[in-house]
Amino acid sequence: MCMTTDDRLTASTMPYLGNEDTVKDLRRVLSNPHVQSDQLRYRNAILKVIRLMSQGVDVSTLFSEMVKACATVDIVQKKLVYVFLCSYASLNPELSLLVINTLRKDCQDPNPMVRSLALRNMTNLRLPSLMEYVEQPLTAGLRDRAACVRRVAVLGWAKLHNLQPNSEIDAAVVNELYSLLRDPDPVVMVNCLRALEEILKEEGGVAINKPIAHHLLNRFKECDVWGQSEVLKILQRYQPHSEDELFDILSLLDTSLVSPHVPVMAATLSLFLSLCATLPAVSLAALERVRAPLLAACGSASREIRFTVLCHIQLLLRSVPGLMGAHYKRFFCGYAEPAYIKQRKMQVLVELVNDDNVAMLLDELKEYCTDVNADTAQAAISAIGRIGRSYSDRCLMILTGLLELKQDNITSAVVQTMRDLVWVCPQCSDTVCYALEGCEEMLHDSQGKQALLWLLGTYGDKVISAPYTLEAFIDGVRCETSPAVKTELLTATLRLFLCRPAETQDMLGRLLHYGIEETDMCVRDQALLYYRLLQSGVDETRKVLQGRRSDPSLGVLIGRPAEPVSQWAHIFNTLKPLTQITSETESVKNRSFQHTAFKPNSDLSGSMNSYQLQSVHSDSCEEDAQSPPDLLSTSTIVPLSLLPTLNPAEFEHLWTQDIAESEEDVFCMIEHIVCHNVSRSSPQSFQAAMQLVNIQTLAFTPTHVLPWRVYLYTHTEASPCSTLILGELLCTENANEEGAYGVTNDDHDSNKIVAEREIGRQGNHEEEVSLEGRNNSDLAKDNGEIAMLKVTLKQQPRDDRALRGFLSILTTVLHTLSQESE
């Protein structure tokens, strides 16, 4: 049989993707009357267009040919054409009008499948210009005799509302959707709930009263898994009118607590916890009931479900620590499991430790310490360290044995874990100090070196080889690249000098000489601080450096009070448990610099936390009357970042650069902040507080020395492009003394504070903003003194919103430090 030209084109179109000739050939085939008359060949040509579209080829030029192809009785061909039209309708809004007539005609087809398909694709076109043609078919679809059409029509109104969210809600449609909650088809009922949630989002969603709630409960078992989850979620808004009604609801849903379907079980438990907020005994009984399905879900074939269940089990253990105690073997790690599941399982195992299973759990965790995945191994070592808070002897024996393996990553993790352990349990210091002998040879990362140096500095009197180990670090300090290790080496050497001066004096002198000449501003300032501190006497130095060696805010593992269920019930069955990672459970590798470098010296744990630093309220800004109204009138939270880092030479170049000579958009501003006693904060506390909010301090003067000065910087990411902020804090004298910062006594009498600004490249001019200050009685301390802090900021490029957020955060940190100093 002889093939025609069109047949050959149809047979050889597909091998070359992305070729313009291919699309032209397809247009020729789709326009050929002979192909259109053969239903099978016509469908195959349309299928090739869809295949090209799914592979990323631009076939939008075939839109008109595909519009003609939708006028057919073949349902398969209709589906293929509708997929194409919904994908390219936004690119051809005018030609899409040609489809509406066909779709409206299909909405009256005798076949309910055709009617539902037409309604679905009519709303999927998502063109606001076509909405007037869609409303009438959707209204008719709500009253259609076929359930599949009503399902599509209900969701179609939600899609329509998404296209025009600001349009007025049609009350008749809302009433119609409420009436369809009693539709005999359960899917239509659930779709009505979802549509009403979307349409009435600004009004709080579906209004649940007693008749609606009881109707949903009576038809609960008719729904599928996801429908049941949706109904349970909506029912959390309903508050029973009596205790009898409450227990009737709980009895009706009791079987769902042990449902084999994890989403239904989780949604039911969330509803129980919501309804029984005032009945803790009932909540605890519900938690006991879900133990079996949770354990079964831990063995699910889906990794995502396993991880989610483990995260929610951690929530439950906060209120019922012994809930899974007898089933701890279910949380042993499998060889083929991914690392993130293994780490979560180890976190759960730590919570299940007791006197009966501690030996077996430690043996299991010991096996994970040599895992081929470094993160898993370090997480296992960290877990053993947490258990060591209650079973120190057994855990220290395991940690000491791991040091004998002489592996870099294991040695580093063990040293860091020992550092954390003796911080909480100082009674373990003798064993730890004995195990430290010779482990410095296997430490090559900065985190491990910092941990070892802290231990040598704090317990150097118990480590025989401590001076010789520090001397090796000092001899190679010029090759060290980490400023954090250098600052920790300075502190450790000075601490060791206080308890073993004869062996350490010479090396301390060499280290201070190197540190004072160091180019890194942080290291240089630390060395100058210690040099001047030694000049004030050994007693004063000992008073500053030898503070408490443990943090009383950290408790041991066993004996912690159980948390009320209400503290975490609101986040159960949400995504928040999947993202919550505390410093207790994160892996050693991911520990932050401030945790290792400043935690032993920081005394801010009781007065400053991350929530206080991140949640900067407008009230704190309003209290600072010296802040200009255009910058600090409202609170603005912006993300701050320490990356990319800025070395001291770059900082000095940018800081001393003349604004008039700069080719960048540089903005300079001077502010005055009333802040008591901030200059009395220790350098370690000040630097740790700033790093908690991602502000890097490069240099600062010693405490109680005037003028007191600090240089700092940060990067903001509030706008599409990052902006760099350099800052100088200066305190020279009390603000009530005449002439301080250019503010005279007359200015104070009139309650005026002047804020000076310099704007570079935008006018190079200065303007003064007079503010209504607070009364002197509000600013003064008991002795009548007012501490005024001058803040000079340079920003490049200019971003007022980012600068406003930075000033809010900086003001909050300074006031927190002031209160701590008091």
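This is a predicted model: local features need pLDDT of at least 70, side-chain atom pairs count only at pLDDT 80 or more; totals for chains, interfaces and linings use all residues.
Figure 1. The protein chain contains 41 helices and eight strands. Among contacts with a separation of 6 or more, 69% are made by residues 24 or more positions apart.

Figure 2. Ser 116 lies in helix H8, which comprises residues 112–124. The relative accessible area of Ser 116 is 5%, and the residue is therefore buried, the limit for this class being under 20%. Apart from its neighbours within four places in sequence, Ser 116 is in contact with Cys 148, Val 149 and Val 152.

**Figure 3. Helix H9 and its buried face.** Helix H9 is formed by residues 131–142. At 1.5 Å a residue, its 12 residues should span 16 Å, and the C-alpha atoms at its ends are 17 Å apart, in agreement with that expectation. The buried residues of H9 are Met 131, Val 134, Pro 137, Leu 138, Gly 141 and Leu 142. Viewed down the axis of H9, these buried residues fall within an arc of 140°, so they line one face of the helix. An α-helix has 3.6 residues a turn, so residues three or four places apart point the same way. The partners against which the buried residues of H9 pack are helix H7 (93–106), H8, helix H10 (147–163) and helix H11 (171–179).

**Figure 4. Packing of helices H11 and H12.** Helix H12 consists of residues 186–199, and it packs with H11 at an angle of about 150°, the two axes lying 9 Å apart. Because angles over 145 degrees count as roughly antiparallel, H11 and H12 are described as roughly antiparallel to each other. The crossing in which H11 passes H12 is left-handed. On the H11 side, the contact is made by Val 174, Leu 177 and Tyr 178. On the H12 side, Cys 192, Ala 195, Leu 196 and Ile 199 take part.

**Figure 5. Tyr 713 in strand S4.** Tyr 713 is found in strand S4, which covers residues 708–716. With a relative accessibility of 2%, Tyr 713 counts as buried. Tyr 713 and Gln 795 are 82 residues apart along the chain, and their C-alpha atoms are separated by 9.7 Å.

Notes: Residues are numbered from 1 along each chain as its sequence is written. Side-chain values use heavy atoms; hydrogens and water are left out. Helices (H or I, at least four residues) and strands (E, at least two) are DSSP runs, numbered from the N terminus. Buried means under 20% relative accessible area, exposed over 50%, partly exposed in between (1.4 Å probe, protein chains only). Contact means heavy atoms within 4.5 Å. The expected span of a helix is 1.5 Å times one less than its number of residues. The arc is that of the directions from the helix axis to the C-beta atoms. Axes are lines fitted to C-alpha atoms, for helices over the stretch in contact, and angles run from 0 to 180 degrees between N-to-C directions. Angles under 35 degrees count as roughly parallel, over 145 as roughly antiparallel, 65 to 115 as roughly perpendicular and the rest as oblique. A crossing is left-handed if the near helix is turned anticlockwise from the far one by less than a right angle, and right-handed if clockwise.
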